[in-house]
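Please open the structure in a viewer and keep the sequence at hand. The stops below are given in the order in which they may be selected.

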Amino acid sequence: MASERIRHNLKDRWLEFWFAPAAARPLALCRIAFYGLLFVYYLTYDFGVWALAPADSWAPTPPFLIFDVPRASHELLVLLQFAWKAALLCACLGLATRAATAASFGLGLYLIGVMRSVSMNHTDAALILVLGIMAVARCSDACALDRWLIGRTRLQASRPSGDYRWPVQLIQIATILPLFVAGISKLRHAGLEWVFSDTLAIVLLQNHFRTDPLLPWGVELARYGWLCQLLAAGALITELALPLALVSVRARLLLIPGALGLLLGFRLFLGPNFAPLMICYVFWLPWRQITDTLMHQIRTRPGLAALCPAHLRPALAPAQSRHTRPR
Amino acid sequence: MIDAAIVQSQQGTSRAWYVTRWRMILAHAVILFVFSGQAFSVLFDVELWPFSPYPMYSTVRTSYSLEHPTLYAVVDDAAGTEILLRDIAYFADDRAQSQLLLTFEQPTADPEFQRALAKLLARYDAERGASAEVGPPLRGLRLYESSWQLVPGESESEATPQRQLIVEVSGGNHHGE
């Protein structure tokens with residue numbers, strides 16, 4: 001009987017974590033920010049150059065190996081990247097959203113997979129997971145051109161549902177996994193010696209000559225061994241503590257900016273560019289509070305409210321009056 | 001459809017989730033895929049892109065030396081000046097080009113590799129023809145195995161690497177050394 005109760009309790013907690021009903025709008029705003037930033041980031045990126053890479057550098061990643069996918073020619077890569085960027089823009093706008101998110105995932109998997117089959121690094125692995133999750137998420141149920149084009153009243157939020165929560169939860173996990181697992185790798189391969197040795201100082205020096213950090217301060221930082229050890233300890237603690245951000249709001253306020261600081265620090269002092277992963281952190285933004293604050297500002301300033309078209313004004317009513325959270 | 005799902009999801013739990021049974025199965029399949037892929041990669045310490053054990057910078061380093069193949073451009077001037085290829089605007093400013101350069105920095109003199117280097121140079125020349133801002137005219141490319149003795153506080157201008165030529169490619173025709 002007790003074990004039955006524990007089982008039910010665990011099941012409830014599991015379902016509560018993933019499927020507690022949430023509003024459609026935060027996921028939709030994540031969609032807009034995520035695909036919009038990706039579009040801007042990759043707009044001028046030329047995937048075509050990867051056709052120039054030496055043939056002996058081609059080491060297919062597992063999806064390419066399993067399905068025996070070849071590297072496309074320069075012309076085909078250019079064509080595919082054009083389609084991918086168009087799909088990212090459509091997904092951002094909410095235009096043919098289902099097809100756009102699916103194409104963003106499929107084409108992104110191929111184009112980024114080609115890059116990683118030629119030059120393996122870990123800066124955009126999580127991006128593929130996020131694109132995959134968004135491809136199956138119901139992210140077009142609010143703030144999407146689709147809904148406006150088919151003529152439904154688009155400003156009444158859909159009924160809160162677990163469908164709007166699990167993608168955000170899973171993506172948040174996918175975004176912290178790279179750093180958390182990197183922390184585990186450090187403990188596994190080096191233990192605490194990774195902190196209490198010259199490792200970070202040497203990495204800063206080596207990367208200054210080998211890669212292309214934005215700031216040339218690595219060689220100066222390396223002069224202060226104690227500072228490098230302090231930075232190494234801070235990085236390792238942040239990486240290993242990141243899962244706490246999933247369950248504690250206070251920890252989140254400290255750890256998520258800390259994680260972003262780490263990723264920015266990598267680019268500034270070590271070279272690797274984790275911008276694609278940083279873009280995925282939009283799923284950590286408190287969208288509900290942001291929209292509530294924005295709505296409050298519009299409601300309390302008649303000038304701003306008057307600028308809104310008449311059919312949008314009902315949406316400015318407080319959220320509580322439009323739907324109540326089901327229990 | 002939603003109402004039927006509520007009944008389904010309420011079985012054995014204390015509240016409704018407003019998710020259809022099909023969507024619930026799909027969500028669990030995706031969650032399982034992400035967790036199992038990542039767990040497998042970590043437990044067996046293998047790269048299964050997009051899953052990874054993320055081993056970057058995870059080993060202890062003790063040596064203050066660095067050996068690394070480095071690409072230099074030979075400028076088409078009287079002195080045949082050598083500059084780091086990644087210092088040329090075309091390669092420095094473009095993310096794809098600068099990432100691509102890393103794939104060329106490998107210690108090999110394979111003929112295929114030389115052909116790829118020649119293509120890179122030809123593409124640069126074509127781009128330069130279109131815009132003078134791309135960079136200076138180049139006579140060729142040289143790949144060196146460079147080694148540095150690293151001293152904290154000493155930048156590129158102060159640290160001179162020992163170099164050994166691996167491959168040289170000239171514009172138009174190319175040959176290995």
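Predicted model: local features only at pLDDT ≥ 70, side-chain atom pairs only at ≥ 80, totals over all residues.

Leaving aside residues up to four places away in sequence, A:Gly183 is in contact with A:Leu236, A:Glu239 and A:Leu240. The residue belongs to helix α8 of chain A, which spans residues 166-189. Because its relative accessibility is 0%, A:Gly183 counts as buried. A distance drawn from its C-alpha atom to that of A:Thr238 reads 8.5 Å, although 55 residues separate the two along the chain.

Remain on helix α8 and select A:Lys186. Which residue does the side chain of A:Lys186 meet in a salt bridge? The partner is A:Glu239, with 3.0 Å from N to O. This pair links distant parts of the chain, since A:Lys186 lies in α8 and A:Glu239 in helix α11 (residues 225-241), 53 residues apart. Both A:Lys186 and A:Glu239 are buried.

Next, select A:Arg138 and A:Asp163. Their closest N and O atoms are 3.1 Å apart, and the two residues form a salt bridge. A:Arg138 is in the loop between α6 (125-136) and α7 (145-149) of chain A, and A:Asp163 is in the loop between α7 and α8, so the pair ties together parts that are 25 residues apart in sequence. A:Arg138 and A:Asp163 are both buried.

Now move to the boundary between the chains and select A:Asp46 with B:Arg123. A salt bridge joins these residues, the closest N and O atoms being 3.0 Å apart. The pair crosses between chains, from the loop between α2 (24-42) and α3 (62-66) of chain A to helix α5 (residues 111-130) of chain B. A:Asp46 and B:Arg123 are both buried.

Widen the view to the whole interface. Chain B contributes 71 residues to the contact and chain A contributes 86. Between them the chains bury about 7,200 Å², of which 64% is on carbon and sulfur atoms. On the chain B side, select B:Trp49, B:Tyr57 and B:Arg95: these lose the most area to chain A, together 13% of what that side buries.

Colour chain B by secondary structure. The chain has 5 helices and 5 strands, in the order α-α-β-β-α-α-α-β-β-β along the sequence. Of its 177 residues, 48% count as buried.

Within chain B, select helix α2, residues 21-43. Its 23 residues reach 32 Å from the first C-alpha to the last, close to the 33 Å expected at 1.5 Å a residue. Buried positions in this helix include B:Met24, B:Leu26, B:Val30, B:Ile31 and B:Val34. After the helix comes B:Asp45, where phi is positive, near 50 degrees.

The last stops concern aromatic rings, of which 23 pairs are counted over all chains. One of them is formed by B:Phe104 and B:Phe113, a tilted pair with 5.9 Å centre to centre and 55 degrees between the planes. B:Phe104 and B:Phe113 are both buried. Select B:Tyr72 as well: B:Arg163 lies over its face, at 4.6 Å from the ring centre. Finally, return to chain A and select A:Tyr41, A:Tyr42, A:Tyr45, A:Phe47 and A:Trp84, which ring pairs link into a cluster.

Note on methods
Residues numbered from 1 in each chain as written. Chains lettered and ligands numbered in written order. Heavy atoms only, no water. Phe/Tyr/Trp six-rings, centres within 6.5 Å; stacked < 30°, edge-to-face > 60°. Buried < 20%, exposed > 50% of the residue type's maximum accessible area, 1.4 Å probe, protein only. Lys NZ or Arg CZ within 6 Å of the ring centre and 35° of its normal. Helix = DSSP H or I, 4+ residues; strand = E, 2+ residues; numbered from the N terminus. Expected span 1.5 Å × (residues − 1). Contact = heavy atoms within 4.5 Å. Buried area = accessible area lost by both parts, 1.4 Å probe. Salt bridge = Lys/Arg side-chain N within 4 Å of Asp/Glu carboxyl O.
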